Amino acid sequence: MRLRKRLCNDSTLGFPAFEKRETGGWRRSILFRGSTRNTDWLGIHMSELAGGQAPEPVVKHQEEELTIVLKGEVVIGLCDNHGSPEITREEVLKPGRFVFHPSERYHYLENYSSEPATYLAVKWHATARQQKPAKQLDLSRPVEYPKVGTPAAETVIDEPTTWLDRLEVHASGLLPGSGYKPHVDDHDVIIVVLDGEVTFGGVAHPPGSCLLHPGGWKHGLRNEADVPAHYLVVELHGKPVRHDPIDVFELTRDAIMRTAANLRSR
């Protein structure tokens, strides 16, 4: 992938879209590709899918993936049996729903409706942690928001996976005027705004925004709007060690994208 000479900014995203690709009724904005403290490779992209379209046929890939629907609805085809190409069930994902795809597990996505749908895909791989493939987690239910203003957050996933020591996803919220102080985590943190508005680095981020805070980067969050805000927090826990040789160009590109995506985190 080559960086565009002129980066295109999208006001609904927490960091620049480095490359936009369009194929038929599928428009994909690549937000981040690179390595982090917890992954050998992390990719995040936002997709807009027209009604009656599918971005690709039934596929499997090395990366683990979280697919989070932000607008409209899509149908996800899932395979519960590792190594089998047979789709065993379908799930309808509406806004606020998401699904986890283990490594090398067949799946597909399609928009059966006449209205466009928007979804976020987070993919990663790292040094293998488990001796067996991660299980298919049935997470295609709506996220139940916790009562904002309380310290509790609903944990939806807290599991070891093939590539991570632990994958944690929880739903949280902030009342108007509340927030938490900047701090540093060892794990990578991805925040997806579902409703309301949050502020980070002096910039307000509306629903559909995605904020990336790699391990070791300082970050905080506030709600400076007059309505409650709800968001998903995705935590990637793991400390992989690279084994494969990395091309100098790829390593340089990763460093540029990682730095540009997190300038506000310093």
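Tutor: Happy to, and keep in mind that this is a predicted model. Let's begin with strand S13 (residues 188–195), which pairs with S16 in the antiparallel sense over four bridges.

Student: Which residue is the bridge partner of Ile191 in S16?
Tutor: That is Leu211.

Student: And which way do the S16 side chains point?
Tutor: Cys210 and Leu212 point one way from the strand, while Leu211 and His213 point the other way. All four of these residues are buried. Cys210, for instance, counts as buried because its relative accessible area is 1%, under the 20% cut-off.

Student: What sheet do S13 and S16 belong to?
Tutor: They sit in an open sheet of five strands, in the order S10-S11-S18-S13-S16, with antiparallel pairing. The edge strands are S10 (154–159) and S16 (210–213), and each of them pairs on one side only. On average, neighbouring strands in this sheet are turned by 15° against each other, ignoring direction.

Student: How many bridges join S11 and S18?
Tutor: Nine bridges, with strand S11 (residues 166–174) and strand S18 (residues 229–237) running antiparallel. Within that pair, Arg166 stands opposite His237 in S18.

Student: Remind me, what actually holds paired strands together?
Tutor: Strands of a sheet pair through backbone hydrogen bonds, and the pairing can be parallel or antiparallel.

Student: How many bridges link S5 and S6?
Tutor: Strand S5 (residues 74–78) and S6 pair over five bridges, in the antiparallel sense. Val74 has Leu93 in S6 as its bridge partner.

Student: Is Val75 buried or exposed?
Tutor: Val75, which lies in strand S5, counts as buried because its relative accessibility is 8%, below the 20% limit.

Student: What does Val75 touch?
Tutor: Leaving out residues up to four places away in sequence, Val75 touches Glu90, Glu91, Val92, Tyr108, Leu109, Glu110 and Tyr112. Val92 is 17 residues from Val75 along the chain, with their C-alpha atoms separated by 4.6 Å.

Student: Switching topic: where is His125, and what are its contacts?
Tutor: His125 lies in strand S9 (residues 117–125). Its relative accessible area is 17%, and it is buried. Setting aside residues up to four places away in sequence, His125 touches Thr39, Asp40, Trp41, Gln62, Glu63 and Trp163.

Student: Now cysteines. How many disulfides are there?
Tutor: The count comes to zero. Cys79 has a relative accessibility of 0% and counts as buried.

Student: And how many salt bridges does the whole structure have?
Tutor: A search of the whole structure finds seven. One of them joins Arg27 and Glu48, with the closest N and O atoms 3.1 Å apart. Arg27 is in strand S2 (residues 26–34) and Glu48 is in strand S3 (residues 41–49), so this pair ties together parts that are 21 residues apart in sequence.

Student: How accessible are Arg27 and Glu48?
Tutor: Both count as partly exposed: Arg27 has a relative accessibility of 25%, and Glu48 has 37%.

Student: Which salt bridge partner does Arg37 have?
Tutor: Arg37 forms a salt bridge with Asp186, where the closest N and O atoms are 3.3 Å apart. This pair links distant parts of the chain, 149 residues apart: Arg37 is in the loop between S2 and S3, and Asp186 is in the loop between strand S12 (179–184) and S13. Arg37, at 42% relative accessibility, is partly exposed, and so is Asp186 at 44%.

Technical notes. Residues are numbered from 1 along each chain as its sequence is written. This is a predicted model: local features need pLDDT of at least 70, side-chain atom pairs count only at pLDDT 80 or more; totals for chains, interfaces and linings use all residues. Side-chain values use heavy atoms; hydrogens and water are left out. Two strands pair if DSSP finds at least two bridges between them. Helices (H or I, at least four residues) and strands (E, at least two) are DSSP runs, numbered from the N terminus. Axes are lines fitted to C-alpha atoms, for helices over the stretch in contact, and angles run from 0 to 180 degrees between N-to-C directions. Buried means under 20% relative accessible area, exposed over 50%, partly exposed in between (1.4 Å probe, protein chains only). Contact means heavy atoms within 4.5 Å. A disulfide is a pair of cysteine sulfur atoms within 2.5 Å. A salt bridge is a side-chain nitrogen of Lys or Arg within 4 Å of a carboxyl oxygen of Asp or Glu.
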